[in-house]
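Please look over the chain shown here, for which a short briefing has been prepared.

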Amino acid sequence: MSAPLLQVEHLAKHYRLPREHLFAPGQSLTALHDLSFTLQAGRSLGIVGESGSGKSTLARLVMALEAPSSGCVLFDGQDLGALSPAALKQARAGFQMVFQDPYGSLDPRRAIGLSVAEPLALVGVHTRAEREARVAQALEAVGLRASDAHKVPHEFSGGQRQRIAIARALITRPKLIVADEPVSALDVSVQAQVLNLMQDLQDQFGVTYLFISHDLAVVDLVCDDVIVLQHGHCVEAGPTRRVFEHPQHPYTQRLLAALPGAESAASTPALEP
């Protein structure tokens, strides 16, 4: 087997909490505890858990938006924490992120073509003609028109804005996309359209997904493997279908039992797409 595209080794993250008063002892919150996993190119790994489980902290660490307290993140064999700022900026072309709120991640006053083109600075695309061509390709890849580049975000629906966010993530032709709750802000009918789009893009471009969600049904639909986090600890991991059909940890069983239509954790069937 080839080397993994993403390798997380003994990752931990601690946050200092505000002191109750000047002379109070310092306290900290551990958001992640000694987390390790690998992700092969072309596959999708889901990270599931309730609020406060450490999912979004993991996303920020993988994206090198924050430094880990201990452990490391290796992308394509490079330790992101050991790179210089210039080298990290260059490496970022290979991994991009799709956020939960598509409207909040777009400048409401700018034409969406300008927002989609922003990451191209990471790959040295500076001419106007090349930028416009790449923007047109990215928009068409997500089911929008090249002429939509001149519109502003409020002219689009929520699902279309998430397509724009995906186009921006795709424009550098990354190997990895970290998707942090990418459909939770959308209507159920629109969620299916966006998830199908993401699967089609994976087939077309071979992109790898780290897919973070509290929605187990969504993860079952799009992810090959899954990691279940509870209070920053990995409590269960493996192929998605096996974990969801035969959950071993009580926390995983409770999550599955809470799904609509689930009668018992022990006999939870495979989730329907």
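Predicted model: local features only at pLDDT ≥ 70, side-chain atom pairs only at ≥ 80, totals over all residues.

Residues are numbered from 1 along each chain as its sequence is written, and side-chain values use heavy atoms, with hydrogens and water left out.

**Overall fold**
- The protein chain contains 9 helices and 10 strands, taken as DSSP runs (helices H or I, at least four residues; strands E, at least two) numbered from the N terminus.
- Of its 273 residues, 48% count as buried, that is, under 20% relative accessible area with a 1.4 Å probe and protein chains only, whereas exposed means over 50% and partly exposed lies in between.

**Nonpolar cores**
- In the largest nonpolar core, which has 48 residues, Val116, Leu139, Val142, Ile166 and Phe211 touch the most other members; such a core is a set of buried Ala, Val, Leu, Ile, Met, Phe, Trp, Tyr and Cys residues joined through side-chain atoms within 4.5 Å.
- A second, separate core of 29 residues includes Leu39, Met63, Phe95 and Leu176.

**Lys175**
- Lys175 lies in the loop between helix 5 (158–170) and strand 7 (176–180), and is partly exposed, with a relative accessible area of 43%.
- Leaving out residues up to four places away in sequence, Lys175 touches Leu5, Phe75, Asp76, Gly94, Val207 and Thr208, where contact means heavy atoms within 4.5 Å.
- The C-alpha atoms of Lys175 and Gly206 are separated by 7.6 Å, although these residues are 31 residues apart along the chain.
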